[in-house]
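Reader: I am new to this structure and would like a close look at a single part of it. Please take me through that part and what surrounds it.

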Amino acid sequence: MKRRSFLKKAAAGIALPWLVPGSALGLDGEVAPSNRLVGIAIGTGGRGGGDLQWLLGEKDVQFVGVCDVQRGNRERAKKMVDEKNGNTDCAAFRDFRELLAKHGKADFALIATGDRWHTPMSVHCMRAGMDVYCEKPGTLTIAEGQLLVKVEKEKKRIFQTGAQRVSETPFRFMKDVVIKEGRLGKIHTAWSHLGYMSEHPRVNAVRPEEPLPDKEDLDWDLWIGPAPMRPYNREFVRAWPVPGWYTQLDFAASIAQWGSHTILQAQHDMGLADTSPVEYELPKDIQREGFIVRFANGLKLIAIEDGTAVRFAGGGRSAEGLKDIWKGSCGVKYDGDNGWIACADGYGRPEASSPEIMQGFDDFAKEVKALRQQGLTPSNHLREFLDCMKTRKAPRTPATTAHRSMTTNLIMDICLDLKKSLKWDPVKEVFINDDEANKLRARKMREPFAVA
């Protein structure tokens, strides 16, 4: 066909199907571009890189922009996206504001920055009209959580906090079958793994100032973000070990850091994800006693550092003869009148006090696997987020879950900071008769990165 004839036919709207790739039409198992969920990624090192890699494996997802204040992270992320897209069009930014200016109309944002940025970045993206998947912890203060819930509701956005265990099969069986069917009877006590943070309490370490890197290699001002400015030292940039940002009061939380996994899990499973405990009992020895809180319905939650430790002596009991609560990391356990069930990382199936409690697990696992293969019922937290974007149904861990469970964690931190027990009104979201504690519900954000 001559060029002139081709242009005339194209202008007249005559179809030339042999020139259109099947992927553009959604053929051969591909998803047409018009049906893809367009995303951006902010914070692409570590966990962010892993989340991005998984999402790039989904046929209905296309990333158009990535952002990270560290050159190495953003260049690796751009390469990953370009390889998936088969071109070099992915835009890479150091400053999230430039990313939002160019791609603020994307469908969703993947956020896996440092903790200090989680709520501010989520707010920016939701106000731009995007749905948000943000890694845990969802907030660093109670006030941030209130703002997160407010913006999610006002903008009618889908928000999912990255508590992936609530979507994994063993944990789902505990909530969706065992607890839902009442196999444990009345549940009186929940246990959750507290992690290691009492050994590494939040401390703003002082390190000698070092020469700032080139801004394109590491933008220190943007890295600090809404946290208080401090002199640059390379040790702060890594997450771990001490004095990595994970252990710094300005950049992270203490109990809340680990509890964003397990206390969230317990509240979710108990149907208490829309509230917080009313009583917080300061332990004399957190490593031996755990941290005990009580909900308005009478449920007691014990956060303990080591589920395999027989040193636990809470409630005045002797440590001798106690069985393991769970083995491994990020465990939870629920005690009821009819027995108990527990699960932790690495468990292929929960452990329980009797075979009757675990009845039907194998069939449940097979059904979940089969439905997931059909794309009907995912057992992956990120996949559920994508599906909720399409249906506009609330995901398993929306902003309310992030906020209310983090409130539980953050109040524990405040108890440790003030060295006293506290009482909380979860309706008014205030401490009862304690002005000192109420002042700690918020932190001042550094300009120009503050959100309200």
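Which helix gives the most to the lining of the largest pocket, and with how many residues?

Author: The model is a predicted one. Helix 11 gives the most to the lining of the largest pocket, and its share is 3 residues.

The pocket itself comes first. The largest pocket holds about 730 Å³ of space. It is lined by 38 residues, and those closest to its centre are Gly45, Ala112, Thr113, Gly114 and Trp245. Two or more lining residues come from each of helix 3 (47-56), helix 6 (118-127), helix 9 (220-224) and helix 11 (255-269). Sorted by class, the lining of the largest pocket has 15 nonpolar, 14 polar and 9 charged residues.

Helix 11 also has a helix packed against it. Helix 8, residues 169-179, packs with helix 11 at an angle of about 25°, and their axes are 10 Å apart. Angles under 35 degrees count as roughly parallel, so helix 8 and helix 11 are roughly parallel to each other. Their crossing is right-handed. On the helix 8 side, the contact is made by Phe171, Met174, Lys175 and Ile179, while helix 11 brings Gln265, His268 and Asp269. The contact of helix 8 with helix 11 has 3 nonpolar, 2 polar and 2 charged residues.

Helix 3, which also gives two or more residues to the lining of the largest pocket, has a packing partner too. Helix 3 and helix 14, residues 381-391, pack at an angle of about 60°, with 10 Å between their axes. That angle makes helix 3 oblique to helix 14. The crossing of helix 3 and helix 14 is right-handed. Asp51, Trp54 and Leu55 of helix 3 make the contact with Leu382, Arg383 and Leu386 of helix 14. By class, this contact between helix 3 and helix 14 has 4 nonpolar and 2 charged residues, and no polar ones.

About 280 Å³ of space lies in the second largest pocket. Its lining is made by 18 residues, of which Thr141, Glu144, Arg443, Lys444 and Met445 are the closest to the centre. In that lining, 12 residues are nonpolar, 1 is polar and 5 are charged.

To return to the question, helix 11 lines the largest pocket with 3 residues and packs against helix 8 at about 25°.

Definitions and conventions
Residues numbered from 1 in each chain as written. Predicted model: local features only at pLDDT ≥ 70, side-chain atom pairs only at ≥ 80, totals over all residues. Heavy atoms only, no water. 1 Å grid on protein atoms, 1.4 Å probe; cavity = no way out; pocket = protein on both sides within 12 Å on 5 of 7 lines; lining within 4 Å. Points joined across faces, edges and corners; volume = space filled by probe spheres on them. Helix = DSSP H or I, 4+ residues; strand = E, 2+ residues; numbered from the N terminus. Nonpolar A, V, L, I, M, F, W, Y, C, P; charged D, E, K, R; others polar. Axes fitted to C-alpha atoms, helices over the stretch in contact; angles between N-to-C directions. Parallel < 35°, antiparallel > 145°, perpendicular 65-115°, else oblique. Left-handed = near helix turned anticlockwise from the far one by under 90°. Contact = heavy atoms within 4.5 Å.
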